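Please follow the points with the structure in view.

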Amino acid sequence: MSQYDDVLNKKAVALRYEENKDAAPVIVASGLGYMAERIVEMANENGVPVYEDNSLATVLTQLDLGTPIPEELYQAIVDIYAYFLKYTPKYSVEEYEAMKAEAADGQEGNLQSEAGEQT
């Protein structure tokens with residue numbers, strides 16, 4: 001199996017649950033292959049924890065965006081939410097935001113120096 005086959009077999013689903021708004025978690029992003037990789041990348045970039053369960057992802061990717069998860073999957077989702085209650089992020093929100101700002105400043109500096117070299 002090549003690295004491309006690995007990418008093509010990836011699945012990712014993002015859920016949202018707002019206690020006062022949603023009766024159940026709602027699918028807000030779903031994708032296969034490269035789209036799945038991008039969903040995971042965006043989650044990582046924004047400090048959103050990622051849980052891997054290929055079987056559950058297979059089922060959830062078959063549902064439409066904006067769909068609340070079916071009752072039959074409540075227990076699986078509760079187990080994931082319970083897992084994340086124990087999750088300790090590597091960085092605090094403040095540390096993460098500071099790192100993002102530093103990275104953005106560094107990229108801007110690189111772009112300016114590259115533009116300066118071209119003139």
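1. The model is predicted, so local features need pLDDT of at least 70 and side-chain atom pairs count only at pLDDT 80 or more, while totals for chains, interfaces and linings use all residues. Residues are numbered from 1 along each chain as its sequence is written, and side-chain values use heavy atoms, leaving out hydrogens and water.

2. A salt bridge here is a side-chain nitrogen of Lys or Arg within 4 Å of a carboxyl oxygen of Asp or Glu. The rule gives a count of 5 salt bridges.

3. Arg-16 takes part in a salt bridge with Glu-18, at 3.6 Å from N to O. Arg-16 also pairs with Asp-22, where the closest N and O atoms are 3.0 Å apart.

4. How exposed are these partners? Buried means under 20% relative accessible area, exposed over 50%, and partly exposed in between (1.4 Å probe, protein chains only). Asp-22 is buried, because its relative accessibility is 9%. Arg-16, at 26%, counts as partly exposed, and Glu-18, at 35%, is likewise partly exposed.

5. A further salt bridge joins the side chains of Arg-38 and Glu-45, at 3.5 Å from N to O. Arg-38 has a relative accessible area of 36% and is therefore partly exposed; Glu-45 is partly exposed at 42%.
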